[in-house]
Amino acid sequence: MKILVAIKQVPDTATQVKISGDPKAIETSGITWIISPYDEFAVEEALRIKEKRGQGDVVAVSLGPDRVKEALRSALAMGADRAVHVNDPALAGADTLLTARALAAVVKQESPALVICGRQAIDDDMGAVGAQLAELLGWPCASWIMEETVDADAKTVRVGRQVEGGLEVFDLPLPAVLSAQKGLNEPRYPTLKGIMGAKKKEIKDVKAADLALGDAAPQLTVTTLEALPPRPPGRIIQGEVKDAVKELVRALREDAKVI
Amino acid sequence: MAGALWCVVEDDRKGMPKKVMAEALGEAARLGGPVEAVWLTDKADDAGLQQLGEWGATKVWLLQHEGLAPYRGEVWAPVVADLAAKETPKAILAPVTSRQREFMARLAARLGVGLAADSVALALEGDRLVATRPVYAGKLLSKVTWAKQPWLATLRPNVFRPAEVQAGRSAQVERPPVTLPAAQMKLVERREEVSTGLPELTEAEIVLSGGRGMKGPENYVILEELGGVVGAAVGASRAAVDAGWRPHRFQIGQTGRTISPKLYMGFGVSGAIQHLAGMRTSKVIVAVNKDPEAPIFKIADYGIVADLFEVVPEMTTEFKRLLEK
Ligand SMILES: Cc1cc2nc3c(=O)[nH]c(=O)nc-3n(C[C@H](O)[C@H](O)[C@H](O)COP(=O)(O)OP(=O)(O)OC[C@H]3O[C@@H](n4cnc5c(N)ncnc54)[C@H](O)[C@@H]3O)c2cc1C
Ligand SMILES: Nc1ncnc2c1ncn2[C@@H]1O[C@H](COP(=O)(O)O)[C@@H](O)[C@H]1O
């Protein structure tokens, strides 16, 4: 069974992000890049499906500039078999839909039985690409999955999808798209052997032209990035606990008027 | 009608629209309307239709069919896309919920238009719409705009001012014929969570959050007690969730839920950037922590530097006294 995992490389949340000279973009120097955490759950789940079945092919796909190779290399070190790198300056301003269109073209070339994405990429926090990919392919899709089992003959997948107030369990015929929620699994760390082995694995470079995307204009564009408006300075309420609590409750009631 | 602002209805699956709809409808009215609701459901209460009218919808497109429940994106997207192709709305808005987030993404792909997910502000600039969205763990705000209509956006709950209720006002109800594509997904079961009796985390106006400082799962009862008094949901930090003290659905932050309540109160939460990502758009933030250097105090409106085990019971008593008055 072939499984495709879509991974996005994003700034580590702990690194500081600054707006660059171009107010539409962040300063990219000095940033530590990581695989978006939800995408690690996706890679881990694909590897587990393969291991459980005793065979399979896990292909990691990422769209982005040269630096993205490093993220693909990490996925290969975790255990993915191959990688596809969609690397084209023409796609630099891709929105979620254009990203999904590029990924859909890769899916058509690879024809996997299952695509696993992350719930959302933690840089743009859109949470859209997985569902958009499914729509473009005409496949069913389940987002925010917490559990998953592919049946013995790889015809359907049963998933538990997190919704308000509970979990909805669905059967989806394959091929299908899933998006991973935290809680699905604990991603493994690459072993030394995995890291060494990853160096020999294939990363295929793909250009926009190879994907026959036609019009590559994004539908949604960033006009500006802005710093957060500063929050008014806070107030530490001093004194004995009893008095401090009394004052806090009064302030929430009378000054902030939130209770 | 052509050029209308549509709001996709999030309901309680029992025939009533949820309270977040007042926010979407209110925002659509502020953007100049005309405001219309689109409701996909297997059952709609008359009271629910009335409610949408009182929240400002002039028209409700009621797409009622048993095949529309449970929600499946593959079924919903073509139904709304077909109607949108006929009616040419200017914008389609929906509150952020687990299903609307997925549905709106699918719909955007089907219509070939942009989607601004989890927006915290919308504004018309000339003849284009500009959405503001938190990005990079909420460290920056991104302003985005669309190449063409309809403009699709999902709205973060508790951020947009709800519509004033206009009692007695009702919406015109349109019931277009509904043709469903064959569904591929089959619902096996729905596992309901054991109800805590407290509001849902993402919908609550007040959220109490317990971090590693809670010391163990058994201590969350004191937060639940306080929650019961003030009508708050009780969430947790990832440290508490990873320790197994609380189920994942209660996690607040980048890899948990994003919340934006009127009042957030953190107890024994240090305020790591990933936690802040999930709650920094809260209106008022209160922090209770033993450590005066805890980063959460940097964004807190009110702070108490003390042992939470002394503060929480005191707060419960004090709020009880206040609210009984
Ligand atoms: C990729 C990634 C994603 C993440 N996603 C999330 C996320 O979604 N949500 C999240 O919360 N975290 C997330 N984290 C983890 C985050 O970095 C922090 O580790 C976590 O938020 C810390 O939780 P905490 O504040 O409860 O614990 P700690 O940082 O250990 O803080 C505990 C605090 O409690 C105080 N305290 C202790 N005892 C008492 C007492 N008796 N009274 C009062 N105060 C007391 C201490 O002074 C301390 O400040 C993520 C991390 C990574 C790397
Ligand atoms: N540039 C990209 N390359 C590969 N996969 C991506 C890319 N952007 C988004 N994805 C996938 O889509 C998911 C949702 O992303 P988003 O809609 O941007 O929040 C991510 O978790 C990835 O699995």
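Leu167(A) has Arg191(B) as its bridge partner in strand β11(B), and this belongs to an antiparallel pairing of β9(A) with β11 (residues 186–192) of chain B over 6 bridges; strands are DSSP runs of E of at least two residues and helices runs of H or I of at least four, numbered from the N terminus, and two strands pair if DSSP finds at least two bridges between them. The model is a predicted one, in which local features need pLDDT of at least 70 and side-chain atom pairs count only at pLDDT 80 or more, whereas totals for chains, interfaces and linings use all residues. Residues are numbered from 1 along each chain as its sequence is written, chains are lettered from A in the order in which they are written, and side-chain values use heavy atoms, with hydrogens and water left out.

| Item | Value |
|---|---|
| Residues of chain A in contact | 82 residues |
| Residues of chain B in contact | 89 residues |
| Buried area | about 7,700 Å² |
| Salt bridges | 9 salt bridges |

Contact here means heavy atoms within 4.5 Å, and buried area is the accessible area (1.4 Å probe) that two parts lose on being put together, summed over both. Carbon and sulfur atoms give 57% of the buried area, while Glu164(A), Lys182(A) and Arg231(A) supply 10% of the area that chain A buries against chain B, more than any other three residues.

A salt bridge (a side-chain nitrogen of Lys or Arg within 4 Å of a carboxyl oxygen of Asp or Glu) joins the side chains of Arg190(B) and Glu168(A), at 2.9 Å from N to O.
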